[in-house]
Amino acid sequence: PTPPPAEAPAATAAAESSASQSKTDLSCALCEWLSEWQLRNADSFEEGNIEHAWAESPAEQFNVRSQGYLNDRIKQPSAPSAFTLRSVLVLPSLNKQHHIANKYPLPP
């Protein structure tokens, strides 16, 4: 079998430059989007000035289905959170979005 023809160095460089520019454009667009729609943690605001912010609530404040829920319909306080909430993003839309993570690339 014959090896595939090598691309011309200029064409390869142009393609790499274009791909790099696309990534830069995407990064800039993502930064702009995040600056507009990512909510800040209420802990990062001065006291009393926390409009449009989020705060993590203690998991125990939420009632969840108990082990016998299907029989007795009794809920109980949740166990402590397994993870810490790190960030909140607002995804504006005029329509209900199903499987949102499949449609929008999430930041690392």
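Among contacts in the protein chain between residues at least 6 apart in sequence, what percentage join residues at least 24 apart? The figure is 34%. I shall return to such a pair of residues later. Please bear in mind throughout that the model before you is predicted.

Let me begin with the overall layout. The protein chain holds 3 helices and 5 strands. Read from the N terminus, its elements follow the order α-β-β-β-α-β-β-α. Of its 108 residues, 7% count as buried. The accessible surface amounts to about 9,700 Å², and carbon and sulfur atoms account for 55% of that area.

I turn now to the sheet. In general, the strands of a sheet pair through backbone hydrogen bonds, and this pairing is either parallel or antiparallel. Here, 3 strands form an open sheet in the order β2-β1-β5, with mixed pairing. The strands β2 and β5 stand at the edges with a single partner strand each, so one side of each is left without a neighbour in the sheet.

Strand β1, residues 38-41, pairs with strand β5, residues 88-89, in the antiparallel sense over 2 bridges. Within this part of the sheet, leucine 39 stands opposite valine 88 in β5. With strand β2, residues 53-54, β1 pairs in the parallel sense, again over 2 bridges. There, asparagine 41 stands opposite tryptophan 54 in β2.

Next, I would like to consider two individual residues. The first topic is leucine 34, which lies in helix α1, residues 9-37. Is leucine 34 buried or exposed? Its relative accessible area is 17%, and a residue under 20% is called buried, so leucine 34 is buried. As for separation, leucine 34 and leucine 91 are 57 residues apart in sequence, while their C-alpha atoms are 10.0 Å apart in space.

The other residue is serine 66. Where is serine 66 found? Its place is the loop between β3, residues 63-65, and α2, residues 69-72. Serine 66 counts as buried because its relative accessibility is 12%, and the cut-off for a buried residue is under 20%. Which residues does serine 66 touch, not counting those up to four places away in sequence? They are Asp72, Ile74, Lys75 and Gln76.

Thank you for your attention.

Key: Residues are numbered from 1 along each chain as its sequence is written. This is a predicted model: local features need pLDDT of at least 70, side-chain atom pairs count only at pLDDT 80 or more; totals for chains, interfaces and linings use all residues. Side-chain values use heavy atoms; hydrogens and water are left out. Helices (H or I, at least four residues) and strands (E, at least two) are DSSP runs, numbered from the N terminus. Buried means under 20% relative accessible area, exposed over 50%, partly exposed in between (1.4 Å probe, protein chains only). Contact means heavy atoms within 4.5 Å. Two strands pair if DSSP finds at least two bridges between them. Accessible areas come from the Shrake-Rupley method with a 1.4 Å probe; for residues, only the protein chains shown count as cover.
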